[in-house]
Amino acid sequence: MIFPSGLRALNHTDFRRFFLAQLVAMVAGWMHTVAQSWLVLQLTDSPLLLGLIGTLQFGPILLFSIVTGAYADRLPKRRLLVVTQLILAALAVALASLVASGRIRYWHVGVIAVLAGLTQAFDSPARQSFMAEMVGKADLVNAVALNSASFNAARIVGPAVGGLLIARLGVVPSFLVNAIGLLVVALALLRLRARGHAPVRRGTTMAQDIAEGLRYALRTPVIRLVLGLLFCVSITVFNFTVYVPLLARHVLGLGAEGFGFLMAALGVGAVSGALTVGFRRAPEPPLPTMLGAAALALSGLLALSAARHLWVAVPLLFVTGFFGLILVASCNTRLQLAAPDELRGRMMSLYTLVWGGVFPIGAFCVGAMSEAWGVSTAFFVQGTAGLTGLGALALWWRRRSR
């Protein structure tokens, strides 16, 4: 079967197998995410402590991504990814067991979040750089877009199903389903022909490999710009697991099902944005498009500070998700195409560092501001700060391009 141009990456057998398995796992993963957020609110009813869980889970990415990116360039990527799936599955089972036994405490969730974050710090750069080996550079833009679309399609289905499941059966089934989904990905990885073998090393040390990657990024202006755009949006917009439950519970007065519906609206926008990138014919996303997408995503976040009704919040979340994902998918593609093959893992570790690593800072700020001044004020401050940073970045690039 030959897939149409907009789905051309699926013509690669390895990518198709990985894509389908990953789609199942990501739906289950979003079920786990909303269940974990709801569990924390049940245990504490504290926006600050919910934000702290995000900080604990994504903190290891902030601290270790540069190191784990060097490992991704040294180790067989497929084998590394199998190991990370098995560890994450075991952590999901442990969390389900603690809840089912009635022994769950907030600190248990925190410890499991840290261990999951450490595992994801190894998983993400290996996963991102392995994609180019499955499809080649010619179809990389489409593969990244499809991967982003599947991630956010899962954001539609996962929270909606998770919200219904939590309302009827509690949080335990969502954690168990996530463990099963991760095992599905591990089995699919074992069937791939692509091994993700590391290139032959030149006798360099780990410190030298890390320094080489950082030097390349710092002396390449377009990489600095892309990482700057990603930073402005990631630290402000991509705190979904913190600010959406707070919006649902503290501003709109919704329960678990309403929370799932808001996450689904965000996911519909994100899928639409990812598919928009995937259907583009241009080999590289244009920089003006990326700047515009970042501005519109941040504007959507700023407008959410005034939302007081579901019918207002839903379209604003759609807009935020749509333009946010156009920016993120475009940044991923530009970085991978700009990186030499032997440095791709390290460049994608910088992507992981900025996209996921700054989340602990943003999540803590959202939680702290929401607890001190209210959720709507947190939206306003985040949106304003992001647009200010974006303006400074655009001015720097304009002056440099003269």
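Modeller: Arg249 is partly exposed, with a relative accessible area of 31% (partly exposed lies between buried, under 20%, and exposed, over 50%, for a 1.4 Å probe and protein chains only). The model is a predicted one, in which local features need pLDDT of at least 70 and side-chain atom pairs count only at pLDDT 80 or more, whereas totals for chains, interfaces and linings use all residues. Residues are numbered from 1 along each chain as its sequence is written, and side-chain values use heavy atoms, leaving out hydrogens and water.

The side chain of Arg249 forms a salt bridge with that of Asp45, at 3.1 Å from N to O (a salt bridge being a side-chain nitrogen of Lys or Arg within 4 Å of a carboxyl oxygen of Asp or Glu). Because Asp45 lies in the loop between α1 (13–44) and α2 (47–74) and Arg249 in helix α9 (residues 240–251), the pair ties together parts 204 residues apart in sequence. Asp45 is also partly exposed, at 42%. Helices here are DSSP runs (H or I) of at least four residues, numbered from the N terminus.

By this rule there are three salt bridges. In another, the closest N and O atoms of Asp123 and Arg127 are 2.9 Å apart. These two residues are four apart in helix α4 (residues 106–135), about one helical turn. Asp123 is buried at 6% relative accessibility, and Arg127 is buried at 14%.

Arg346 and Glu212 also form a salt bridge, with 3.0 Å between their closest N and O atoms. This pair links distant parts of the chain, with Arg346 in helix α13 (residues 344–357) and Glu212 in helix α7 (residues 206–218), 134 residues apart. Arg346 is buried, at 3% relative accessibility.
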